[in-house]
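Take a look at the sequence and the structure shown here. The notes that follow go through them topic by topic.

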Amino acid sequence: MMDQKVKDDSFLTLVDFFLEKANQQGKDHSITEISAAFLYAASRYNVFRIASSCEDKAQFIRDADNINEYFRRQYAEMFQDNFDEFLDKFENYHIKPAKK
């Protein structure tokens, strides 16, 4: 995954697809709700992915600590990469909150 720094066109197209789906929900949901749903969906899908690769429940349990650490580390790296990019291009990316 990102530990291999996979950022080819196909990968980025898939990322953009999911971001567009999330952005479309802005008409009916708050950005906070969308963010939480996106994060929950990613975690749910990743657990499914890992479980599907295990021989049995015993392996799933045995590997649980390593699996959890791997995904925590991956998220922290991806979050920091995106945070740094946003910080570097803040004026271009930032959307001011709507005035009430």
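Is Ile95 buried or exposed? Ile95 is exposed, because its relative accessible area is 73% and the cut-off for exposed is over 50%. Keep in mind that this is a predicted model.

**Ile95 and its place**

- Ile95 sits in the segment after helix 5.
- Along the sequence, Ile95 and Asp28 are 67 residues apart. In space, their C-alpha atoms are 18 Å apart.

**The largest pocket**

- The largest pocket holds about 2,700 Å³ of space.
- Its lining is made up of 50 residues. The closest to the pocket centre are Val15, Leu19, Phe38, Tyr75 and Asn82.
- Helix 4 supplies the largest share of the lining, with 15 residues.
- By residue type, the lining splits into 32 nonpolar, 11 polar and 7 charged residues.

- The partners are Glu69 and Arg73, whose side chains meet with an N to O distance of 3.6 Å.
- Both residues belong to helix 4. They are 4 residues apart, which is about one turn of the helix.
- How accessible are the two partners? Glu69 has 43% relative accessibility, so Glu69 counts as partly exposed. Arg73 has 40%, so Arg73 counts as partly exposed too.

**Aromatic rings**

- A search of the whole structure turns up 7 aromatic pairs.
- Tyr70 and Phe71 have ring centres 5.1 Å apart and planes at 85°. The pair is therefore edge-to-face, since planes over 60 degrees apart get that name.
- Two values describe any pair of aromatic rings: the distance of the centres and the angle of the planes.
- Phe71 is buried, because its relative accessible area is 18% and the cut-off for buried is under 20%.
- Tyr75, Phe79 and Phe83 form a cluster linked by ring pairs. Tyr75 is also one of the residues closest to the centre of the largest pocket.

**Ile50 in helix 2**

- Ile50 is part of helix 2.
- With a relative accessible area of 12%, Ile50 is buried.
- Which residues does Ile50 touch, not counting residues up to four places away in sequence? The contacts are Phe60, Ile67 and Phe71.
- Ile50 and Ser30 are 20 residues apart along the chain. Their C-alpha atoms are separated by 30 Å.

**Gln59 in helix 3**

- Gln59 lies in helix 3, which covers residues 57-62.
- Gln59 is buried, with a relative accessible area of 18%.
- Leaving out residues up to four places away in sequence, Gln59 touches Ser53 and Cys54.

Conventions:
Residues numbered from 1 in each chain as written. Predicted model: local features only at pLDDT ≥ 70, side-chain atom pairs only at ≥ 80, totals over all residues. Heavy atoms only, no water. 1 Å grid on protein atoms, 1.4 Å probe; cavity = no way out; pocket = protein on both sides within 12 Å on 5 of 7 lines; lining within 4 Å. Points joined across faces, edges and corners; volume = space filled by probe spheres on them. Helix = DSSP H or I, 4+ residues; strand = E, 2+ residues; numbered from the N terminus. Nonpolar A, V, L, I, M, F, W, Y, C, P; charged D, E, K, R; others polar. Salt bridge = Lys/Arg side-chain N within 4 Å of Asp/Glu carboxyl O. Buried < 20%, exposed > 50% of the residue type's maximum accessible area, 1.4 Å probe, protein only. Phe/Tyr/Trp six-rings, centres within 6.5 Å; stacked < 30°, edge-to-face > 60°. Contact = heavy atoms within 4.5 Å.
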